Amino acid sequence: MLDLLAGPLGLLLAAAVMWWGITFDMRLKERHGCTACTFWGVTGGIVGTFCWMLTLGRPLSWETAMAGAIASIVTLTLFFSNRAKSGSTFQGIMMTVWQLFVGLVAFIILAMLDGRKKKDE
């Protein structure tokens with residue numbers, strides 16, 4: 001993944017994703033009168049991303065099945081809540097993706113801080 005971000009195409013991709021992440025919530029508020037950046041939405045995105053990360057790359061077991069079930073429940077709950085707020089299925093999907101994206105960014109920042117701490121020792 002990091003090799004992809006090293007080249008100019010990766011830089012362009014990262015810039016496009018960051019632009020979408022920053023401007024999506026503002027456009028959503030202007031057009032639909034709702035926001036994806038709520039305390040419970042962002043917290044749900046972080047919890048959902050954490051549970052999805054627990055299931056990736058591991059063989060099927062009771063622990064991964066439970067984490068996958070919890071991740072699915074959190075993601076579906078976010079989607080149905082967002083669809084009710086925005087009144088649109090497409091916007092509900094996009095809001096859920098945005099909240100999971102924020103959760104992923106939170107974990108990337110924590111991983112970067114942990115990597116820097118290990119480097120100092």
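**Entry 1: helices and confidence**

I count as helices the DSSP runs of H or I with at least four residues and as strands the runs of E with at least two, numbered from the N terminus. By that rule I find 4 helices and 0 strands in the chain. Read along the sequence, the pattern is α-α-α-α.

I note that this is a predicted model, in which local features need pLDDT of at least 70, side-chain atom pairs count only at pLDDT 80 or more, and totals for chains, interfaces and linings use all residues. Residues are numbered from 1 along each chain as its sequence is written, and side-chain values use heavy atoms, with hydrogens and water left out.

I looked up pLDDT, the predictor's confidence in each residue, from 0 to 100. Its mean over the chain is 81, and 83% of the residues reach 70 or more. Among the elements, α1 has the lowest mean, 76. Helix α3 (residues 62-86) has the highest, 91.

**Entry 2: surface and contacts**

I call a residue buried under 20% relative accessible area, exposed over 50%, and partly exposed in between (1.4 Å probe, protein chains only). Of the 121 residues of the chain, 31% count as buried.

The accessible areas come from the Shrake-Rupley method with a 1.4 Å probe, and for residues only the protein chains shown count as cover. The chain exposes about 8,500 Å². Carbon and sulfur atoms supply 74% of that area.

For contacts I use heavy atoms within 4.5 Å. Taking contacts with a separation of 6 or more, I see that residues 24 or more positions apart account for 54% of them.

**Entry 3: the nonpolar core**

A nonpolar core is a set of buried Ala, Val, Leu, Ile, Met, Phe, Trp, Tyr and Cys residues joined through side-chain atoms within 4.5 Å. Which residues make up the largest nonpolar core? I list 9: W20, F24, L28, C34, A36, V42, M94, M95 and W98. Two helices, α1 (8-32) and α4 (89-120), each supply at least two residues of this core. I then looked at F24, which touches Q91, M94, M95 and W98, not counting residues up to four places away in sequence.

**Entry 4: helix α2**

Helix α2 has 17 residues and reaches 25 Å from its first C-alpha to its last, close to the 24 Å expected. Its buried residues are G41, V42, G44, G45, G48, T49, C51 and T55. Just after α2, G57 takes a positive phi of about 75°.

Leaving aside neighbours within four places in sequence, G48 is in contact with A71, V74 and L100. The C-alpha atoms of G48 and S72 are separated by 7.8 Å, though these residues are 24 apart along the chain.

**Entry 5: helix α3**

The 25 residues of α3 should span 36 Å at 1.5 Å a residue, and the end C-alpha atoms are 36 Å apart, which agrees. In α3 I list T64, A67, G68, A71, V74, T75, L78, F79, N82 and S86 as buried. Just after this helix, G87 has a positive phi of about 80°.

G68 counts as buried because its relative accessibility is 15%. Not counting residues up to four places away in sequence, G68 touches W52 and T55. From the C-alpha of G68 to that of G48, 20 residues apart along the chain, I read 9.4 Å.

T75 is also buried, at 18% relative accessibility.

**Entry 6: aromatic pairs**

Rings of Phe, Tyr and Trp (its six-membered ring) pair if their centres lie within 6.5 Å; planes under 30 degrees apart count as stacked, over 60 as edge-to-face and the rest as tilted. How many aromatic pairs does the structure hold? I count 3.

One of them joins F39 and W40, edge-to-face, at 5.0 Å centre to centre with 75° between the planes. Both F39 and W40 are exposed.

Another is F50 with F107, stacked, at 5.8 Å centre to centre with 15° between the planes. This pair links distant parts of the chain, with F50 in helix α2 (residues 39-55) and F107 in helix α4, 57 residues apart. I note F50 as partly exposed, since its relative accessible area is 42%.

Definitions and conventions: The expected span of a helix is 1.5 Å times one less than its number of residues.
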